[in-house]
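Dear colleague,

I am handing over the structure we spoke about, and below it you will find what came out of going through it. Please read the notes with the model open beside you.

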Amino acid sequence: MSAFHSRLRRAWPLAAIAAIAAALAGAFAWTAGWVGGPRLTAQRFTDAIEAGNGKAYPGFRRAHAKGVCVTGRFTGSGDGAALTRAGMLAPGATTPVLGRLSIAGGDPHAPDATARVRSMALLLTGTDGQQWRMAMNNFPFFAVNTPQGFYDQAMASRPDPATGKPDPAKMAELLRKHPEIAKFQQWAKTAPWPDSWANTQFNSVNAFRFTDAAGNVRSVRWSMRPRLAFAAMEKSLREDAEADYLADDLRARLADGPLRWDLVLTVAEPGDAVDDPSQAWPSNRRQVVAGTLELDATQAQAGGACRDVNYDPTVLPDGIAPSDDPVLAARAGVYSQSYNRREREIARDQAPEATVQGDTR
Ligand code: HEM
């Protein structure tokens with residue numbers, strides 16, 4: 001070995017250590033948001049959603065703040081077993097459900113007629129303790145294709161202090177940056193509004209990976225399809241409706257008996273957008289009715305068990321896993337942040353409105 005090579009060999013460990021140290025320092029700086037611009041952390045994301053709400057509502061979810069708890073059960077039909085080994089979809093398997101029906105938005109007192117987006121969240125707990133948490137909406141696809149898009153939307157929606165409404169120039173800039181939003185705006189403008197949670201279809205929107213007993217993996221989206229026929233509510237009727245007509249309607253319907261939705265699994269084909277929730281899949285994809293959800297009771301969220309649940313859609317039983325969709329990953333971080341903030345406010349007695357027993361919603 002030459003003198004040069006032996007000097008190099010002696011120097012190498014020091015150089016390697018220095019390089020590793022530099023890489024670690026770089027990674028730390030990136031994580032801390034010192035380089036490459038401020039990173040989109042769950043904290044910043046949640047701050048933006050709070051700012052978009054215009055006002056603080058301690059103890060409430062930072063999104064979908066207004067809602068009610070529901071309870072019931074889910075029974076597997078057995079047909080879903082062709083797609084996943086998850087025991088909850090086995091034939092006849094019955095799983096207790098603690099759920100929540102809500103409207104989108106950060107104001108827990110918003111009149112129902114102002115909320116274009118309606119939602120269903122479910123927590124299924126299997127006999128072996130495994131959980132399947134879902135948070136679904138009535139839109140068929142998401143407004144944006146990245147977490148950054150959702151963040152930008154929250155920032156652009158912040159009320160302008162002068163008008164109390166979002167600045168139209170900022171909204172125009174948002175649309176220029178995220179043109180996929182136009183498709184969602186078209187849906188929001190034209191799709192008829194259902195008159196009840198009970199006849200609304202709720203969609204997972206994000207895709208998930210289903211693994212069957214033989215180890216085959218497929219990309220799946222799912223929907224809760226109501227057994228009740230869709231009934232539209234015209235604008236004039238919505239304008240005259242009571243602020244809490246959805247919860248009133250739910251109580252009245254449940255007094256007459258349980259409400260049911262079928263769980264419909266839709267299987268992707270090669271080329272379908274499995275990591276982009278803003279793109280619907282073609283309507284001819286294979287569908288499987290994997291079971292039925294039955295809801296038979298409702299409770300106000302202030303005193304109900306759903307208040308203290310984080311319906312994080314990445315909590316899944318064996319046989320179902322998150323896709324690589326970055327929006328899904330972002331949801332897990334932001335829901336946790338929102339959950340921690342609201343539970344801390346409740347624990348510190350800073351949230352009388354969110355905790356008052358006997359409040360109906
Ligand atoms: C980056 C995208 C998204 C962000 C940042 C976001 C943010 C949030 C936040 C902060 C909450 C409140 C969580 C809590 O305090 O427990 C929430 C609730 C919810 N979100 Fe999202 N969301 C996103 C996408 C979606 C999508 C794609 C869907 C459905 C298709 C969805 C459906 C829901 C539902 C149903 C709830 C209410 C859950 C409950 O009742 O607790 N979200 N979201």
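Helix 8 gives the most to the shell around the ligand, with 8 residues; a residue belongs to that shell if its C-beta atom, placed from the backbone, lies within 6 Å of the ligand, and helices (H or I, at least four residues) and strands (E, at least two) are DSSP runs numbered from the N terminus. Please keep in mind that this is a predicted model, in which local features need pLDDT of at least 70 and side-chain atom pairs count only at pLDDT 80 or more, while totals for chains, interfaces and linings use all residues. Residues are numbered from 1 along each chain as its sequence is written.

The ligand is surrounded by 30 residues, and the closest are His64, Ser119, Ala121, Val205 and Ser338. Besides helix 8 (326-347), the elements that each supply at least two residues of this shell include helix 2 (42-53), strand 3 (118-125) and helix 3 (147-156). By type, the shell divides into 17 nonpolar residues (Ala, Val, Leu, Ile, Met, Phe, Trp, Tyr, Cys and Pro), 5 charged (Asp, Glu, Lys and Arg) and 8 polar (the others, Gly among them).

Histidine 64, in the loop between helix 2 and strand 1, has a positive phi of about 55 degrees although it is not a glycine, and valine 205, in the loop between strand 5 (202-203) and strand 6 (208-211), has a positive phi near 65 degrees. Most residues other than glycine have a negative phi. Histidine 64 counts as buried because 24 other C-beta atoms lie within 10 Å, the cut-offs being 20 or more for buried, 12 or fewer for exposed, and partly exposed in between, with C-beta atoms placed from the backbone. Valine 205 is likewise buried, with 22 such atoms within 10 Å.

Tyrosine 335 lies in helix 8, and UniProt, in an unreviewed entry, places the feature "binding site" there; such annotations may be inferred rather than shown by experiment. Tyrosine 335 is buried, with 23 other C-beta atoms within 10 Å, and, leaving aside its neighbours within four places in sequence, is in contact (C-beta atoms, placed from the backbone, within 7 Å) with Asn310 and Asp312.

For the protein as a whole, the secondary structure comes to 9 helices and 10 strands, and buried residues make up 35% of the 361 residues.

With best wishes

Technical notes: Two residues are in contact if their C-beta atoms, placed from the backbone, lie within 7 Å.
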